[in-house]
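Please keep the sequence and the 3D view open as you go through them.

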Amino acid sequence: LSTGLVPISERLDGQLAQISDDSDAAAIAKDAQTEAAYKQMRTTLIAIVLAAIAIGAAAALWMSISISRGLNRSVKAAEAIGRGDLTTEIDARGADELGDLMRAMKAMTENLRRIVGDVISSSGQVAAGSQQSSATAEQLSQGSTEQAAATEEASAAMEQMAANIRQNAENAAQTEKIAGQAS
């Protein structure tokens with residue numbers, strides 16, 4: 001047994017050692033492969049994170065500029081309305097809050113234009129009415145002046161008639177006196 005089994009046992013030991021060495025070599029190769037895959041994955045993830053940060057920063061910058069432009073347009077429109085310039089055309093675009101604000105400012109400007117137009121029209125009507133009232137007052141004044149002149153003429157004529165009547169009465173009295181002396 002010892003002469004038959006020992007060589008088989010040694011041969012099995014050699015084969016087991018070979019299998020163990022092959023297994024260790026395969027494990028080292030797999031370890032190196034895994035390490036390379038890990039490094040590649042880490043590099044890829046870092047690149048993805050950096051790209052996401054860059055895209056996020058660009059999106060934030062774009063949104064900031066977009067909001068800034070919209071707010072600047074809104075402020076300029078509000079300043080123009082504040083100065084009384086209702087001729088400024090307001091371009092209301094966008095479906096966001098700034099678009100809503102611009103549409104509200106546009107509606108406000110249109111309403112103010114209509115109100116100012118109504119006020120101008122009303123003031124024109126008031127001015128026309130005032131001119132008519134002035135013309136009527138002038139006519140009344142002229143009529144009053146003419147009536148006063150006519151009244152003064154009538155008064156003068158009455159005084160003249162009264163003087164004539166007195167004169168006639170005196171003449172009649174004298175005629176009566178003469179007639180009495182003559183009779």
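1. Before the details, one term is needed: a residue is called buried when its relative accessible area is under 20%, exposed when that area is over 50%, and partly exposed in between. Please also bear in mind that this is a predicted model.

2. With that scale in hand, aspartate 100 counts as partly exposed at 43% relative accessibility, and arginine 103, at 35%, is likewise partly exposed. The side chains of these two residues meet in a salt bridge, with 2.8 Å from N to O. Both lie in helix 2, three residues apart, so about one helical turn separates them.

3. The structure holds two salt bridges, and the other one to inspect joins the side chains of arginine 113 and glutamate 89 at 3.6 Å, N to O. Because arginine 113 belongs to helix 2 while glutamate 89 sits in the loop between helix 1 and helix 2, the pair ties together parts that are 24 residues apart in sequence. Glutamate 89 is exposed, at 61% relative accessible area, whereas arginine 113 is partly exposed, at 29%.

4. Which residues does isoleucine 90 contact, once its neighbours within four places in sequence are left aside? They are Ala77, Ile81, Met102, Met105, Lys106 and Thr109.

How values were computed. Residues numbered from 1 in each chain as written. Predicted model: local features only at pLDDT ≥ 70, side-chain atom pairs only at ≥ 80, totals over all residues. Heavy atoms only, no water. Contact = heavy atoms within 4.5 Å. Salt bridge = Lys/Arg side-chain N within 4 Å of Asp/Glu carboxyl O. Helix = DSSP H or I, 4+ residues; strand = E, 2+ residues; numbered from the N terminus. Buried < 20%, exposed > 50% of the residue type's maximum accessible area, 1.4 Å probe, protein only.
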